[in-house]
Every structure is written in C-alpha cells, then in structure tokens.
Amino acid sequence: MIATFASFLILQAASAQPQPAPPPSPPNGCTGEHYDEFDFWLGEWDVYRAGTETLVAHSLIKKLYAGCAVRENWMPLKGAGGGSLNGYDPQSGGWKQTWIGSSPGPVYFTGGATDGKMVLTGRWKGSGPKGEDGLTRMTYSKLPDGAVRQHGEFSADHGLTWQTTFDLIYRPHKEGP
C-alpha cells in the first residue's frame, strides 16, 4: 500500500510540472490585392527582344515565402545570369526589388502598380547606353496574348527625360524538340 501511495505521489508530481508551450502558429502569409499585383509576371518564360524572334534568355519567376515575395531567376543565352527578389512593403505602400547580377553589388528599385502595370525605378551604376550612371525605370505590363513586356528606360538627368535601353517580351516557355 505504501508503494502504491508513493507511485500516486510521483505521478501527481510529474503531472504538476509545467508543460512546454506549443510552437507558435506560422505567420498568415501575404495575401490580398497588393501582394497579387505582380502575379501576372509569374511563370516559366522564353524572353525575346521586342519586335523580333530573337530569343535572348529564359526566366523563371515564382511566388515564394507564403506569398510575400516574387523571385526571378534570369538565365541569358549569352553572358552571366542574375536574379531579383521583389516584395510589397506595407509600410511604404509600394514595391521593392533587389537585383543581383554579374556586376558587383545589388541594385535597388522601388515603385508600384499603376494602371495594371508594375513600374520600378532605381539608380543603376553604369546602366546608361554609354555606360554612364543614372536612373533605370522598368515597366512590366501584361499583353493581351498572355505575354509580359519589360520596357527599360534610362535617365541621366534625374528623371526629366528617358530613353529606351531595353525592350523585352516574356512568352510562356515552350519545350524544344
């Protein structure tokens, strides 16, 4: 009987020990209209110079991290690749992009959705037509056939004037023969 009573006391003492807290719930993720503004760019793409059938790259664009980021993996047919990480910033109410490619250091762009297009602008060292420093503005727009246009412009005068430096069309990737 004493052994039974002792076992009862041990069981009661063990059950009185504080239990570890359950793990925290995962974050809710990023949902809603602002987080979906760049979804038209998601996909696996073949990238062409606008107005030509000249294939210049492949690009894989995915939504990651519970819908909080859009990541591009840029794979040119010639030269080194790169990539961007894009996300909506609720504090500023705009989008931010960090591009890292074959040049040293990242390039930072900011902007947002305007009339169904995504417009991002940033200072990009050496991005001018003659290698000069200045602003680069990229406008992404969904085309009626489902393709996406990325129109790049350069300004050496702080955005007073702009000139086209690249014009690309992203078409859904087709498997080769």
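Predicted model: local features only at pLDDT ≥ 70, side-chain atom pairs only at ≥ 80, totals over all residues.

How many helices and strands does the secondary structure of the chain come to? I get 1 helix and 10 strands, taking both as DSSP runs numbered from the N terminus (helices are H or I, at least four residues; strands are E, at least two). Along the sequence the order reads α-β-β-β-β-β-β-β-β-β-β.

Residues are numbered from 1 along each chain as its sequence is written, and side-chain values use heavy atoms, with hydrogens and water left out.

**Burial.** I looked up how much of the chain is buried (under 20% relative accessible area; exposed is over 50%, partly exposed in between; 1.4 Å probe, protein chains only). Buried residues are 32% of the 177 in the chain.

**Disulfide.** I searched for cysteine sulfur atoms within 2.5 Å, the cut-off for a disulfide, and the count is 1. The partners are Cys-30 and Cys-68, with sulfurs 1.9 Å apart. The pair ties together distant parts of the chain, 38 residues apart: Cys-30 is in the loop between helix 1 (2-16) and strand 1 (43-49), and Cys-68 is in the loop between strand 2 (55-64) and strand 3. The link is right-handed, with 85° about the S-S bond. Is Cys-30 buried or exposed? Cys-30 counts as buried because its relative accessibility is 15%, whereas Cys-68 is partly exposed at 29%.

**Asn-86.** I found this residue in strand 4 (residues 82-89). Asn-86 is buried, at 2% relative accessible area. Its side chain makes a polar contact with the side chain of Gln-97 at 2.7 Å (N or O atoms within 3.5 Å, one able to donate a hydrogen and the other to accept it; residues adjacent in sequence count only if both atoms are side-chain atoms). Leaving out residues up to four places away in sequence, Asn-86 touches several others, among them Phe-38, Trp-41, Trp-95 and Leu-120, where contact means heavy atoms within 4.5 Å.

The largest pocket has a volume of about 790 Å³. A pocket here is an open set of points on a 1 Å grid where a 1.4 Å probe fits, with protein on both sides within 12 Å along at least five of seven lines; lining residues have an atom within 4 Å of a point. The volume is the space filled by probe spheres set on the points. I count 31 lining residues, with Trp-74, Trp-99, Trp-124, Phe-166 and Leu-168 nearest the centre. Strand 10 gives the largest share, 5 residues.
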